[in-house]
Structures are given as C-alpha cells and as structure tokens.
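Please consult the sequence and the structure shown below.

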Amino acid sequence: MNYLIVGLGNIGKEYEDTRHNIGFMVVDEAAKQAGSTWSLLKLAYYTEFKQRGRNVFMIKPTTFMNLSGKAVNYWMQELKVPIENVLVVVDDLAIPFGSLRVKPKGSAAGHNGLRSIEATCGGQNYPRLRFGIGDNYPKGRQVDYVLGPFDKDEQKDLPALIEHAVKMIQSFVNIGIGLTMTNLNTK
C-alpha cells in the first residue's frame, strides 16, 4: 500500500522556523526518524521509506503555500496514491497551540495551501493533520503571525509536539485514520 504524507510550508530561509512551516518541521522529523533523506525533484522535496511493509512517500512542496495543490496532485498521480491515503500536515489558527488533530476531511478554513489542494485534487475529502498554532495576534496581523516564529514558551513545547505529530503520521499509515483520531488526537 502507498501513502503520501505532505508537509505544508514555504521554501526559503526566511520561512524556516515560522508557524506556517510546521508541516515542513513535522515531516523533516518523520524522515529523520525513518533514516531517509530529501531530494529536490519535480515541484517538491521528496523522500520515501518503508514502514511495516507499506510505502511511505513524503513531500514538501516547493511551489509556495498557495500553489501546494499542484505538487500534491502531481505526486498523487505519479505515485498512484489514492486520496484517502494522503495525509496533509498543516498549521491551523482555529485550534489552540499544542492541539494536534487528525481529520478525514474538512474545509480549507481560509488556509491557502488547503484551498489549493481542494481546487486541484477534487474537493475536501482528504485526511489532514491539523497542528494548532493558536490565534494570539492583534486584529489585522494574521499574516505577520503565521509567518512569524514561535514564541519562546512555544519553542520549549515544540519538540514534544512535533514528536507526537510524527507518532500520528506513523499511526495513520499503520492502523488508519479512525483509530489514530481515537488514540492520538489532543485537545
């Protein structure tokens, strides 16, 4: 069975440790734990490994966030991964920092990366791992917030949260979305 794990983020040093790049951070850790390395291929950084006999393909789109769907659609087709075996790791303003939730489908909720995936991959019926970044910003400052770094308190909690997100990815591949939601979603 084939799985495609997509970490959303923006390429470039200036975005490296920002809230909007948590998807990249999570898949980087997953790849590190699997002992795999990234290669720059068409529309994305790409890596692959086996997990319990399953093929796990991971990408970090190089298209910038608002065109992520182009990379996701290309790699889904190229690797013959059905939409239900795609997991998109994404930052989420709508849930508090520290909350991690896998969902089988949902709306883009204003997220440009998810909106692009919906438009190019045929709707909202794809799994996602929502990494809560909270909404602790002044009115009108959303862009600065998501493109800004995690604060010092958040940075202390980040390694454990990223580790939990990696466990969620592994669980999604091993036992599916239903049991992953039941066993690993956090408030």
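Rings of Phe, Tyr and Trp, the last represented by its six-membered ring, are paired if their centres lie within 6.5 Å. By this rule, the count in this predicted model comes to seven aromatic pairs.

**Aromatic pairs**

- Y3 and F172 form an edge-to-face pair, with 5.9 Å from centre to centre and 80° between the planes.
- This pair links distant parts of the chain, since Y3 belongs to strand β1 (residues 2-7) and F172 to helix α5 (residues 152-175), 169 residues apart.
- Y3 counts as buried because its relative accessibility is 6%, under the cut-off of 20%; F172, at 3% relative accessibility, also counts as buried.
- Y46 and W75 form a stacked pair, at 4.8 Å centre to centre and with 20° between the planes.
- Y46 lies in strand β3 (residues 44-51) and W75 in helix α2, so their pairing ties together parts that are 29 residues apart in sequence.
- Both Y46 and W75 are buried, and one aromatic cluster is formed by Y46, F57, Y74 and W75.

**Packing of α2 and α3**

- Two packed helices are described by the angle and the distance between their axes.
- For helix α2 (residues 68-79) and helix α3 (residues 112-121), the axes come within 7 Å and cross at roughly 45°, which makes α2 oblique to α3.
- The crossing of α2 past α3 is right-handed.
- On the α2 side, S68, G69, K70, V72, N73 and M76 meet G113, S116, I117, T120 and C121 of α3.
- The residues of this contact divide into four nonpolar, six polar and one charged.

Definitions and conventions: Residues numbered from 1 in each chain as written. Predicted model: local features only at pLDDT ≥ 70, side-chain atom pairs only at ≥ 80, totals over all residues. Heavy atoms only, no water. Axes fitted to C-alpha atoms, helices over the stretch in contact; angles between N-to-C directions. Helix = DSSP H or I, 4+ residues; strand = E, 2+ residues; numbered from the N terminus. Parallel < 35°, antiparallel > 145°, perpendicular 65-115°, else oblique. Left-handed = near helix turned anticlockwise from the far one by under 90°. Contact = heavy atoms within 4.5 Å. Nonpolar A, V, L, I, M, F, W, Y, C, P; charged D, E, K, R; others polar. Phe/Tyr/Trp six-rings, centres within 6.5 Å; stacked < 30°, edge-to-face > 60°. Buried < 20%, exposed > 50% of the residue type's maximum accessible area, 1.4 Å probe, protein only.
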